Amino acid sequence: MPEPQAQQRQRQEHKPQVQHYHQGHKGIDISVVIPLYNEEESLKELHQQLRSTLERMRVRYELLFVDDGSTDRSFNVLRDVKRFDGRVKIIRFRRNYGKSAALAVGFEKAQGAYVITMDADLQDDPAEIPSLIKKLEEGYDLVSGWKKVRRDPITKTIPSRFFNFVTSLLTGIKIHDFNCGLKAYRNEVVKTIQPYGELHRYLPVLAHNAGFRIGEIVVQHRPRKYGKTKFGIGRFWKGFLDLLTVLFTTRYFRRPLHLFGFWGMFFVFVGVLIDGWLAVEWALGRTALSNRPLFLGGIVLIIVGIQFVSIGLLGEMISKSKRSTDEYTIRDYIK
């Protein structure tokens, strides 16, 4: 019996508009990448929430759990979940490499036209996925969540706000929460950017530098239900060091001489100016160079400037060679 037109129209209205963007491998619409480390208590509940949300969206999806060398029963829990849901895929590292490594491998394996990333501690709400996808369809390539109301202690919220303010100021990207784990990407974005080291905090910066359009929406942030955070206050110091790395690699990676050469020429200019003036004074008999430390200071500036220029030239030579990517040892990959 044919379906009534009213019911057909209602069903189509509730289906998210992603059918025109089915460019993922094997027709997958959405890939969800979840890096995790020692989250055995939250995994089954997270899987249920993801499955409920994605099935209501009526899309084809896959769930990629990347176990970053957990020492608890996380892998066993995931294997149990896999027995009942064939859309679950599990990647397990032999040891803990860090969140950037987990995301890098998850991005490599992701087949969906859209890729969602989220943490495994249940603080990110899977119910936000439709809103993230809707924002992507407005023309953005990466949409970052903004935890406007954070359910974390003040020891995390205050440093995080300062960190995000400085990052936005220095990079020129006007978003409020760079470190939010809940993000949505078009597939071409995750295949282009290469997170490594501790640069998972700066994926919007890497994507922006590659020419992609960045957006942001407010998302719900829930209190931690199980366990405790795996990150201490030290991550913020590492974060600012990583910010220097990002600023250098995104602005000067292909042209290091522009940075080192500028300061090198500046030091040489100042050194020549000082020593030239002192040489004229000496030639006119107004001073003796043997008792002028400033003359030695000018020589030091010239030497330092030449070294800076040399470093820039060496950097230019290195940048011409192909940069090798990090390799991570995968213990298990269950499709």
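**Figure 1. Helices and strands of the predicted chain.** The protein chain has 11 helices and 8 strands. Helices (H or I, at least four residues) and strands (E, at least two) are DSSP runs, numbered from the N terminus. This is a predicted model: local features need pLDDT of at least 70, side-chain atom pairs count only at pLDDT 80 or more, and totals for chains, interfaces and linings use all residues. Residues are numbered from 1 along each chain as its sequence is written, and side-chain values use heavy atoms, with hydrogens and water left out. Of the 335 residues of the protein chain, 46% count as buried. Buried means under 20% relative accessible area, exposed over 50%, and partly exposed in between (1.4 Å probe, protein chains only). Contact means heavy atoms within 4.5 Å. Among contacts in the protein chain with a separation of 6 or more, 82% come from residues 24 or more positions apart.

Figure 2. The model holds 3 cavities of 30 Å³ or more. A cavity is a set of points, on a 1 Å grid over the protein atoms alone, where a 1.4 Å probe fits but cannot get out; lining residues have an atom within 4 Å of a point. Grid points are joined across faces, edges and corners, and a volume is the space filled by probe spheres set on the points. The largest cavity has a volume of about 80 Å³. Its lining has 15 residues, with Lys99, Leu103, Cys180, Gly181 and Lys183 nearest the centre. Both α4 (99-109) and β6 (183-186) supply at least two residues of this lining. The lining divides into 7 nonpolar, 4 polar and 4 charged residues. Here Ala, Val, Leu, Ile, Met, Phe, Trp, Tyr, Cys and Pro count as nonpolar, Asp, Glu, Lys and Arg as charged, and the others, Gly among them, as polar.

**Figure 3. Helix α4 is mostly covered.** In α4, 9 of the 11 residues are buried. The buried residues include Lys99, Ala101, Leu103, Val105 and Phe107.

**Figure 4. Helix α2 against helix α5.** The axes of α2 (residues 43-57) and α5 (residues 129-136) come within 10 Å and cross at roughly 45°. That makes α2 oblique to α5. Axes are lines fitted to C-alpha atoms, for helices over the stretch in contact, and angles run from 0 to 180 degrees between N-to-C directions. Angles under 35 degrees count as roughly parallel, over 145 as roughly antiparallel, 65 to 115 as roughly perpendicular and the rest as oblique. From α2, Leu50, Thr53, Leu54 and Met57 meet Ile129, Pro130 and Ile133 of α5. This contact has 6 nonpolar residues, 1 polar and no charged.

**Figure 5. Ile334 in strand β8.** Ile334 sits in β8 (residues 330-334). Ile334 counts as partly exposed, at 26% relative accessibility. Beyond its neighbours within four places in sequence, Ile334 is in contact with Phe75, Lys82, Val88, Lys89 and Ile90. Ile334 and Arg79 are 255 residues apart in sequence, yet 8.8 Å apart in space, C-alpha to C-alpha.

Figure 6. His221 lies in the loop between β7 (214-218) and α9 (234-252). His221 is buried, with a relative accessible area of 5%. His221 and Asp124 are 97 residues apart in sequence and 5.8 Å apart in space, C-alpha to C-alpha. Most residues other than glycine have a negative phi. Asn38, in the loop between β1 (30-36) and α2, has a positive phi of about 55°. Arg58, in the loop between α2 and β2 (61-67), has a positive phi near 60°. Arg58 is partly exposed, with a relative accessible area of 45%.

Notes: 1 Å grid on protein atoms, 1.4 Å probe; cavity = no way out; pocket = protein on both sides within 12 Å on 5 of 7 lines; lining within 4 Å.
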